[in-house]
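Hello,

Here is the structure I promised to pass on. Please have a look at it first, and then read my notes below.

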Amino acid sequence: MAIKYIMYELKKWLRDPMISFLLFYSLILAAVARFGVPFAEEKFNFSLEAYYHIVIAVILMISAVAIGAVIGFSILDDRDDKILYAVEVSPVSFDVFMGFRFAVCFILSYITSVVSILIVNLAEIPLYALLLVPVSVSLFSSVSAMFVNFFASNKVEGFAMMKASGMIIVLPIVSMFFTDFKEFFFGFEPNFWAVKALSVAMLPNTDFNLGFWGYYPVGVIFVLALNIVVYKIFKKKVIN
Amino acid sequence: MFKVSDLRFKYPGNKEDTIKGISFGFDKGEIFGFLGPSGMGKSTTQKLLTRILKNYGGEIIYRGKDLKSYDKSIFKDVGVGFEMPVLFTKLTAMENLKFYRDLYPKGAKIKPILERLGLWEDRNKRVAAFSKGMKSRLNFARALINDPEILFLDEPTSGLDPTNARIVKDMISGFRENGGTVFLTTHLMHDVDELCDRVAFIADGEIREISSPKNLKLRYGKREIRLEYREGERLEKAVFDMDTLKENENFFKLLRGKDLVTIHSGETTLDEIFIKVTGVKSDE
């Protein structure tokens, strides 16, 4: 059942030019970074090594938002096609139907994030950080998918919403330039904690307010709680 | 099979109830027509019976138990055909039906359904490329995909040409003959006349009339016989009271002595009953 469901979803995505582009967007971006960053360093004779962790954080968060948009647009399509009515009168519950989607969203976002980091290959990332940080960031992709559906009733509006939700990744990036207490002003942004944990792992000689295990669990719990709250609002909005 | 008592429902934000304390029931093996003008509560009632809308007042009993007491497994035996097509436009007809069949623990064979509905040749076409009529037929096929025992159909022949409407109506009749139960929501009186064992008329959220089409036609019709006959070059008309017909010598005289053109009873049509009962013209 799960395999069949993924196949139907995949067919829907690949038959839509915008969704299929978003599916591979972060991988393309990672490939551009892999060759573009060393090229720029050589061309301008300037080392970006101190900012490699920021480049990786950007690609990680773009992966989450792009895959969130794939799922968000797919849900928008289903709303357009009134599919949720048919699910309502089937033995499958809305929670199972959507839960499966968000599980796919998380897994896809996680795989894309890890593969993107491996493609970028700019700096050494400890294995635990390579495997754990994408977990936290990928949990944000379902929030992004739901956010698209809060305010949009079609894909044009959805695209605008995706860009708006993409803007939220700017804040954690800015926070990466701070290592003193001022960084916590960005703590309300769900990805702040994950990118800080990434920074700690990638910059072992820099002083941070907390260690990896100080930032990381807060990020995971924060994004999980956000998923629960946002899902409740999303369910109300989408069912009505 | 279903027994509805004092059903009331108000949409959030509305001042008035859309459904105002209606009561009715229908049995297994019956085609029950639920008729009324647009916007008067037909589809809302179907959505309440299929649990798409909740928070209603009154009681809905399904197979002897409160509808609210069932879990989602109730839907394994229920097929719902919505008024609008509920189909993935990016998937093909076959992919759509396979997707929906996979939502249920049991399913119908797809090929015979699509062949009967004339869609087998188009099974690998994406639904986005389908005409309105093709979508409507595929929507009907989707309602049958779990091999249900009860069907809720909202305007199943809407957008269909007469040939395809005939096929759909034959399939609905066949479903009933095989023991199935149908709750049919429509404003097409011709469909009702052909298909329904009993009908309810709803207007302004209230049930105005429930009976069999035959009884309604007799009750709302006139007990009279109208004759048309030739009188030389002219066409004459005569009307006779049905209750005193056997003693009416004039009637028999006309039958024996004149060239009759037409004989009609005063039985009315469902269209006329619809207008009388609901106060609105049907859109047929």
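In which hand, left-handed or right-handed, does H2(B) pass H4(B)? The crossing is right-handed, the term for a near helix turned clockwise from the far one by less than a right angle, with left-handed for anticlockwise. The contact is made by B:Ala93, B:Leu97 and B:Tyr100 of H2(B) together with B:Leu138, B:Ala141 and B:Arg142 of H4(B), where contact means heavy atoms within 4.5 Å.

A word on the background: this is a predicted model, in which local features need pLDDT of at least 70 and side-chain atom pairs count only at pLDDT 80 or more, while totals for chains, interfaces and linings use all residues. Residues are numbered from 1 along each chain as its sequence is written, chains are lettered from A and ligands numbered from 1 in the order in which they are written, and side-chain values use heavy atoms, without hydrogens and water.

Now to chain A. A:Ser144 lies in helix H6 (residues 127-151) of chain A; helices are DSSP runs of H or I with at least four residues, numbered from the N terminus. A:Ser144 is buried, at a relative accessible area of 1%, whereas A:Val58 is partly exposed at 25% (buried is under 20%, exposed over 50%, partly exposed in between, with a 1.4 Å probe and protein chains only). Beyond its neighbours within four places in sequence, A:Ser144 is in contact with A:Val65, A:Gly68 and A:Ser165.

A:Val58 belongs to helix H3 (residues 52-80) of chain A.

Best wishes

How values were computed: Helix = DSSP H or I, 4+ residues; strand = E, 2+ residues; numbered from the N terminus.
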